[in-house]
Amino acid sequence: MKKLFTLLCCLLLVTLMAGCGGQEQNPNAGKTLKVGTSANFPPYEYLQKSSNSFTGFDIDLANALAKEMGYDKVEFVDMKFNDLPKAIADKKVDVLISAITVTDKRKGYLDFTESYLSTSLKLAVPVNTKLDTKNLKSAAGLKVAVEEGTTAWHEAKRQKAKEVIACKSTLEALEMAIAGKADAVMADKLTLSFFAAHNLRSQIAFANDTEFDSAPLALCVRKGDKQMLDQLNKALNKYRHSSDFKLICRTYFGEEGAKKN
């Protein structure tokens, strides 16, 4: 009888151990992922006034990755674009997503995930502009409004714009051009397309088909935070190959965006 009892206990212990070994532990269960963003850059991230909630491609992507990583909640922390690096360095947020272009300079103080999207810059002008837009190949000699701290800000300076007007947002830059305070606006082409189709319909247009500084976009983590970086890359690699990723590309960037990404 004792032998039978001992045998049953051993079998039960083996069964319990096998069960525990088959279950992958979720290190993020019950946790909230804090995501830093600058929510004034549609269609990537912006505040939808009707619901008073953040929306956009980057917002949907961050929510999907957090779910894949096992987080219970996502908290978006909105701030100025230039304040994002300091916020993550000071551990006020865990991740950054805000249509951030991968550059060598930024690699000096941030670690980037694999790219999730590629985009480029374009020039937009008021529809009543007197510029010869067909032959406008750069910002050289122009008063150009840009969102401060973005790659457009650096690119306009590199192209020797007559004056680079730093604005708090791309919308503010476009409004300056419409008011005649700037000749043109340089910004992400998808953001410009969004404003041309929505807020500023019939007020702005692309100068021409010329594109500048094609570059990848990626999420950022604190320098040296390999654990978070590895988790994000694993989730991103899986999600990028899903039908849901194609769906959000199509939702925010149209059919052409879905094809390219």
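Ala, Val, Leu, Ile, Met, Phe, Trp, Tyr, Cys and Pro count here as nonpolar, Asp, Glu, Lys and Arg as charged, and the others, Gly among them, as polar. The model is predicted: local features need pLDDT of at least 70, side-chain atom pairs count only at pLDDT 80 or more, and totals for chains, interfaces and linings use all residues. Residues are numbered from 1 along each chain as its sequence is written, and side-chain values use heavy atoms, with hydrogens and water left out.

Select Leu 33, Val 35, Ala 62, Leu 65, Val 95, Ile 97, Leu 219 and Leu 232, which line the second largest cavity. A cavity is a set of points on a 1 Å grid over the protein atoms alone where a 1.4 Å probe fits but cannot get out, and lining residues have an atom within 4 Å of a point. By class this lining has 8 nonpolar, no polar and no charged residues.

Next, select Phe 41, Ala 99, Thr 101, Thr 150 and Thr 151, which lie nearest the centre of the largest cavity among its 23 lining residues. That lining divides into 10 nonpolar, 9 polar and 4 charged residues.

Turn now to the rings. The whole structure contains 9 aromatic pairs (Phe, Tyr or Trp rings, the six-membered one for Trp, with centres within 6.5 Å; planes under 30 degrees apart are stacked, over 60 edge-to-face, the rest tilted). Display Phe 41 with Tyr 44: their ring centres are 5.6 Å apart and their planes at 15 degrees, so the pair is stacked. Then display Phe 57 and Phe 245, an edge-to-face pair at 6.0 Å centre to centre and 70 degrees between the planes.

Definitions and conventions:
1 Å grid on protein atoms, 1.4 Å probe; cavity = no way out; pocket = protein on both sides within 12 Å on 5 of 7 lines; lining within 4 Å.
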